[in-house]
Amino acid sequence: MSRFLSHRFDGLEAYVPGEQPRDRTYIKLNTNESPYPPSPEVSERLCSGEIGNLNLYPDPTGRALKEKLAALYEVGPENVFLANGSDEILNFAFMAFCDAEHGVAFPDISYGFYPVFADLYAIPASVIPLKEDFSVDYRDYLNIGKMVVIANPNAPTGMKIPLSEIEEILKSNPGQVVLIDEAYVDFGGESCIPLIKKYDNLLVSHTYSKSRSMAGARLGYAIADRELIADLEKIKYSTNPYNINRLTLAAGEAAADSDAYYKENARKIISTREKTAETLREAGFTVLPSSANFIFVKHERLNGETMYRKLRDRGILVRYFGTGRIRDFVRISIGTPEQMEILARNLKEILAEQKDGGYEYEKK
Ligand code: PMP
């Protein structure tokens, strides 16, 4: 840290993204990317001359892409906000909709960026424990009087919350924004987008990084009442008006035109997920019920760190968080059926090795 950094950031602990190592080729199951490439239409569109236009700024309104997304979700273009990944939506929402007076509430086990944004903007955070079974107790959020942020399905558990419970949260907090982060909704969740017509405090966040195979392009979108969208636009035009580059806008439009391709990929990922979960359960693993493109897994004879390290040594990357009551879990993204067969085989081998050695790393 230099001596120039403002003291207000002295205690800030930045978000740590999943590792992207370059030392060897890994089966990468650690950042919930899609194992399938973008649709052929996306590649065609990117090769069709847009590169030659990079001397020109992109359309700051992203009008063409907004119209396509609006048609897909049966809302108006004025209900759509475009962002540089859905992390930027979260950033703008924390900046725009909560402050030191009102604060924010989110679950203790959820997306690790929420507490970072709260810290960044010095917003007091109510961190609400999930229930023993890792589900959200919606009653904890009723009449809470703070911005509420909930990932549905949640990460890293993969567990979903019924729409009826989200509706109760919305109803009981009419003076606060309720941000539902639907990054993983296409893998078996139920979207609350239709509720935006009923609740002007609902902000729904989506990403192209998971089901639309475009994590590398950085594209997210929010859907909400037009006034909430106008607030986000105000923040965008006060920070980075050209937040989405030309290539990403073009790719995003082509991907919106290939919905059937992405739906089929999501179907394949769901089927691989269920098969993998079954195989691992048969081998004695606890697998939380997932509606996302990952599973959250532990085994009583294998400590979480050992599982992570031994898989890594064998060329398979998974995500290990190593804190509190999720210390013994690892999060495994769903890859192709072949990748998941290799994962399951390696986990069984690691387990067999443990039979003699027991816990390799001290349980903390
Ligand atoms: N929300 C959740 C719950 C996530 O897991 C992620 C992915 N790390 C994001 C938002 C952000 O995704 P992106 O910025 O790639 O759209």
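**Charge, fold and cysteines of a predicted chain**

Biologist: How far apart do the centres of the positive and negative side chains lie?

Modeller: Lys and Arg count as positive and Asp and Glu as negative, with His and the chain ends not counted. Each charge is placed at NZ of Lys, CZ of Arg, CG of Asp or CD of Glu. The chain has 44 positive and 52 negative side chains, and the centres of the two sets are separated by 3 Å.

This is a predicted model, in which local features need pLDDT of at least 70, side-chain atom pairs count only at pLDDT 80 or more, and totals for chains, interfaces and linings use all residues. Residues are numbered from 1 along each chain as its sequence is written, and side-chain values use heavy atoms, leaving out hydrogens and water.

Biologist: What radius of gyration does the chain have?

Modeller: The radius is taken over C-alpha atoms, and the globule rule is 2.2 Å times the number of residues to the power 0.38. For 364 residues a compact globule would have a value near 21 Å; the chain agrees with this, at 21 Å.

Biologist: Is Cys-98 buried or exposed?

Modeller: Buried means under 20% relative accessible area, exposed over 50% and partly exposed in between (1.4 Å probe, protein chains only). Cys-98 has 8% relative accessibility, so Cys-98 counts as buried.

Biologist: Which cysteine has the sulfur closest to that of Cys-98?

Modeller: A disulfide is a pair of cysteine sulfur atoms within 2.5 Å, and the whole structure holds zero disulfides. For Cys-98 the closest cysteine sulfur is 18 Å away, too far for a bond, and belongs to Cys-192.
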